[in-house]
Amino acid sequence: EGQITGLIGANGAGKSTTFKVILGLVHSDAGEIRLFNKDMEQISKKEKADIGATLSDSGFSNCLTVKQIVHILTETYEKFDREMFEKRCSLFSIPMDKKLKEFSTGMKAKLKVLTATSFDARLLVLDEPTAGLDVIARDSILELLREYMETEGRSILISSHISSDLESLCDDIYMIDKGRIVLHENTDVLLDEYGLIKADEKQYELLDKQHILKVKKEQYGYSCLTDERAFYAENAACNRTWVCGQGYYHDDQGGSIMKGMFVKDMEIMRGNMKTFIGVYIIAIFCFLSTSAGPSFLISYVSVLAAVMALNTIASDDMDNGMPYIFTFPISRKEYVKEKYLLGAGMVTVLWAVAVAIAIGVNASGYHMVSWEELTASAAAGLFLAVFANAVVFPVQLKYGSSTGRLVLLVLVFGIMAVGW
C-alpha cells in the first residue's frame with residue numbers, strides 16, 4: 001500500500017499473464033494471489049471496483065465512442081468522476097464523438113489510463129500503459145500517475161519496456177522469468193548499487209567473482225550482473241573491466257576496445273561479402289573484356305575497398321543504432337580512429353591485389369600498356385582511395401550515412417567515367 005511497484009521481464013516472461021491472474025481473467029497454475037489482504041476468491045464486487053486496469057492487448061470495443069464509454073463508466077463505477085474524466089480527455093486531446101476504431105495507438109493508450117484513474121481506485125494494474133505514446137504524452141501520463149498516488153492508501157503495479165519510466169516512477173521492481181520471480185529490489189538500490197560488468201575472456205578469468213550474481217556468455221566475452229558496483233569500480237584499474245551505470249573503464253594496455261570494434265566491423269563486412277565479391281568480379285570482367293585500362297581496375301577496386309569500410313558506419317547508424325555504439329567504452333575519437341585505420345587497411349590490401357592483377361595481365365601482353373602508365377595508374381588509384389577516405393569519412397560522420405553514400409556515389413561514377 002502506498003507504493004508503485006514495477007514488473008519487468010522479457011517478452012513471454014509472464015507479465016501480462018500475471019496481471020490477468022490478478023484481475024481474475026485467468027487461473028494460475030501455481031502460487032497464490034492476495035489483494036487487500038484477502039485471497040482472490042474472497043474479493044467482493046465492491047472491492048473489485050477498487051481496481052483500475054489497463055491491458056496491452058485489450059480495451060473497449062472499437063465501435064464505441066468516448067461519449068458512450070462515459071455512460072458505461074457512470075453506470076459501472078459508483079465513484080466515477082465524470083467531470084474530471086471529460087476534463088482530462090480534453091487535456092489529452094481525446095475526441096468524445098469519434099469511434100475508437102478511428103483512434104491512433106497513442107490515443108487508445110491514453111484513454112485506457114484515463115479510464116483506469118477515473119473512479120478513485122485503490123489499486124492500479126497497468127500493463128504497458130505508455131506503449132505507443134510519444135515522449136510528451138508519456139510524461140503527461142506519468143505525471144498523472146504521480147498525482148494519483150498523492151492520495152493515501154493507493155498503489156500501482158505497472159509493467160513497461162521503457163526503463164526510464166520505471167526508474168522515475170517505481171519504489172521497487174520485480175523481475176520475472178517464466179512466471180517466477182528472479183529479482184526483487186528497491187529502485188534506489190538497483191540504480192545505486194547494481195551494475196553490469198563487460199569483460200573479455202582474460203578479464204573474466206582475473207575477475208573477483210564474490211559479488212557476481214549472474215553471468216551471461218556473449219560472443220566476445222561475458223556480461224556479469226553485480227550488486228556491488230562500487231567494489232568493481234574501485235578495482236576496475238586492476239582487472240580492466242567496464243562497469244555499466246557510471247561508465248567506469250580502465251585499460252592499462254590500450255587497444256582492446258579498438259580490437260573489439262575491428263571485430264565488429266569485420267563481421268559487418270563478412271555479412272556483405274557476397275555483394276562485394278560480385279562487384280569486384282564485375283570490375284575485373286570489365287577490365288579484361290573491354291578497352292578499360294589498368295587505371296580503371298586499380299582505381300575502381302581501391303575506392304570500393306574504401307566503400308567497404310565506409311559501409312560499416314552506415315551499419316552502425318542503421319535504425320538509430322549509433323547511440324548504442326557509444327554505450328560501449330569507446331570515445332568518439334577512438335571510434336573515428338578505428339574507422340580510418342580500417343579504411344587504410346582495406347585500401348592497402350585490395351589496392352595491392354588490384355595492382356598485382358594489372359601487372360600480371362600487362363606482363364602477359366593481353367592489356368599491354370607501358371610500365372610508366374601502369375605505375376601512374378597504381379599511384380592514381382591509391383590517391384583516389386585515400387581521397388575517398390579523407391573526404392567521405394568526415395562527411396558521413398558529421399552529416400549521416402545518406403549524405404555520405406551520395407558523395408560516394410558521385411565519386412565512384414566519376415572514377416568509372418574517367419577510367420573508361
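**Salt bridges and burial in a predicted model**

Q: What makes Glu-201 and Lys-217 a salt bridge?
A: In this predicted model, the closest N and O atoms of Glu-201 and Lys-217 are 3.3 Å apart. The cut-off is a Lys or Arg side-chain nitrogen within 4 Å of an Asp or Glu carboxyl oxygen, so the pair qualifies as a salt bridge. The pair links distant parts of the chain, with Glu-201 in helix H9 and Lys-217 in strand E10, 16 residues apart.

Q: Why is Glu-201 called partly exposed?
A: Glu-201 comes out at 40% relative accessibility. Buried would need under 20% and exposed over 50%, so Glu-201 falls in between.

Q: What makes Asp-165 and Arg-138 a salt bridge?
A: Their side chains meet at 3.1 Å, N to O, and the limit is 4 Å, so the pair counts. Asp-165 sits in helix H7 and Arg-138 in helix H6, so the bridge ties together parts that are 27 residues apart in sequence.

Q: How do you know whether Asp-165 and Arg-138 are buried or exposed?
A: Check the relative accessibility: Asp-165 has 2% and Arg-138 has 14%. Buried means under 20%, so both residues of this pair are buried.

Q: How do you know that Lys-79 and Asp-120 meet in a salt bridge?
A: The N to O value is 3.9 Å. With the cut-off at 4 Å, the pair is in, so it counts as one of the 12 salt bridges in the structure. Lys-79 lies in the loop between helices H3 and H4, and Asp-120 in the loop between helix H5 and strand E5, so the pair ties together parts 41 residues apart in sequence. Lys-79 and Asp-120 also belong to a network of salt bridges with Asp-50, Arg-122 and Arg-154.

Q: Why is Ala-385 called buried?
A: Ala-385, in helix H17, has 0% relative accessibility. That is under 20%, so buried is the word. Leaving out residues up to four places away in sequence, Ala-385 touches Ser-302, Val-303, Ala-306 and Val-347.

Terms used. Residues are numbered from 1 along each chain as its sequence is written. This is a predicted model: local features need pLDDT of at least 70, side-chain atom pairs count only at pLDDT 80 or more; totals for chains, interfaces and linings use all residues. Side-chain values use heavy atoms; hydrogens and water are left out. Helices (H or I, at least four residues) and strands (E, at least two) are DSSP runs, numbered from the N terminus. Buried means under 20% relative accessible area, exposed over 50%, partly exposed in between (1.4 Å probe, protein chains only). Contact means heavy atoms within 4.5 Å.
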